[in-house]
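Colleague: Hi, can you walk me through this one? I'd like to start with the rings and then move to the strands.

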Amino acid sequence: VMPAEEMMKVIPEMGTDAEATRVSGFKVIQEIAKAVPNYISGSADLHGSTRNYINDGGNFGAGFDKSYAGKNLYFGIREHAMGAILNGIAYHGIFKASGSTFLVFVDYFRPTIRVASLAELNRVSYILTHDSIGVGEDGPTHQPVETVSGLRVIPNLDVFRPSDAEETVAAYVSSVTRKEGPTALILSRQNLAQNNDVPAHERREGALKGAYIAKKETADLDLIIIATGSEVQHALAAAKDMPGARVVSMPCMELYERQSDDYKESVLPSTCTKRIAMEAGVSAPWYKYASKVVGVDRFGFSAPGDIVMKELGMSAENLASEIATMN
């Protein structure tokens, strides 16, 4: 497999229009399949929603339209079996393999992810879509709130929640070039704005380090807003009229923690202690980086995703009002 920096150069820029990261992921996985010929992917009966089908890759198996040359695996509604099969493929050592389902179903195969992390199975990645209360009408049974953070506590698992299409490129590239263990890709159902003020290559390179400056302050630094995934767009909007505010996108805490002390200090300088974090999920993990967190420490409810998000505080307006209460 070519180095991550080279792989990112052969993947075209993704575009400027708002787009769900699961849709961005569909575009990226086509490029990954070209760059990594031994890459295969499958789904627990959700290809149409998780969008990880490799075009022209063929279907794996016997009968119907399948052959053993196929790159798309149909695991059925068997998440635990999917995770175990992916581990077996990784132990065998020829293929790099990913499997997909809705994020809320990840607990069905959590033990297999733990094994992959413990065994340092770097050939495995997980494509987990419909990542938050933004799922909407399916209601709280299908709206993850504790799930992303539940994955972050597994040692040696990289958990990537990209905020736009270019960060999604970096997430996929990292998942197939990482040598130490597996990666979970956390992708949105709903459209997200692209951070077009930052060049595509800078977003990719920054995301590949786990966190980077998505908007630099234009005056003396007096506030840092940290966000991830679908909440980065709100952080950027809230900071628009705050010249002393810096926005840091942190798609992968684990990758950020592996960077040099100098890099980490350049992104989150210790001299600025006025920090607020935002994520559409439980708030606990973010207190490592911020003194105040705008999160979702409750289950959601059934309504259109944008309404659920707004009602539970995931908006630029609510973020700005929370910042106004800080000293």
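**Rings, strands and a helix**

Modeller: Buried means under 20% relative accessible area, exposed means over 50%, and partly exposed is in between, using a 1.4 Å probe and protein chains only. This is a predicted model, where local features need pLDDT of at least 70, side-chain atom pairs count only at pLDDT 80 or more, and totals for chains, interfaces and linings use all residues. Residues are numbered from 1 along each chain as its sequence is written, and side-chain values use heavy atoms, with hydrogens and water left out.

Colleague: Good to know. How many aromatic pairs does a search of the whole structure find?

Modeller: The search finds 6. One of them is Phe102 with Phe105: the ring centres are 5.9 Å apart and the planes are at 20 degrees, so this pair is stacked. Another is Trp286 with Tyr289, a tilted pair at 6.4 Å centre to centre with 55 degrees between the planes. For the cut-offs, rings of Phe, Tyr and Trp (its six-membered ring) pair if their centres lie within 6.5 Å; planes under 30 degrees apart are stacked, over 60 edge-to-face, and the rest tilted.

Colleague: Is Trp286 buried or exposed?

Modeller: Trp286 is buried, at 0% relative accessibility. Phe102 is buried as well, at 12%, and Phe105 is buried with a relative accessible area of 18%.

Colleague: Which residues do ring pairs link into a cluster?

Modeller: Phe102, Phe105 and Tyr108.

Colleague: And which ring does the charged end of Arg51 sit over?

Modeller: That's Phe26, with the charged end 4.8 Å from the ring centre. The test is that NZ of Lys or CZ of Arg lies within 6 Å of the ring centre and within 35 degrees of the ring normal.

Colleague: What joins S1 to S5?

Modeller: There are 5 bridges to S5 (residues 96–102), and the two strands run parallel. Tyr39 has Lys96 as its bridge partner there. S1 also pairs with S4 (residues 72–74) in the parallel sense, over 3 bridges. Two strands pair if DSSP finds at least two bridges between them.

Colleague: In what order do the strands of the open sheet come?

Modeller: The order of its 5 strands is S9-S11-S10-S12-S13, with mixed pairing. S9 and S13 (292–294) are at the edges with a single partner strand each, so one side of each has no neighbour in the sheet. S9 and S11 run antiparallel and are joined by 3 bridges.

Colleague: Last one: what covers the buried residues of H9?

Modeller: The cover includes strands S9 (212–215), S10 (223–227), S11 (245–249) and S12 (275–278), plus helix H13 (316–324), where contact means heavy atoms within 4.5 Å. H9 itself (residues 232–239) has 6 of its 8 residues buried, so it is largely enclosed by the rest of the structure. Those buried residues are Val232, His234, Ala235, Leu236, Ala238 and Ala239.

Conventions
Helix = DSSP H or I, 4+ residues; strand = E, 2+ residues; numbered from the N terminus.
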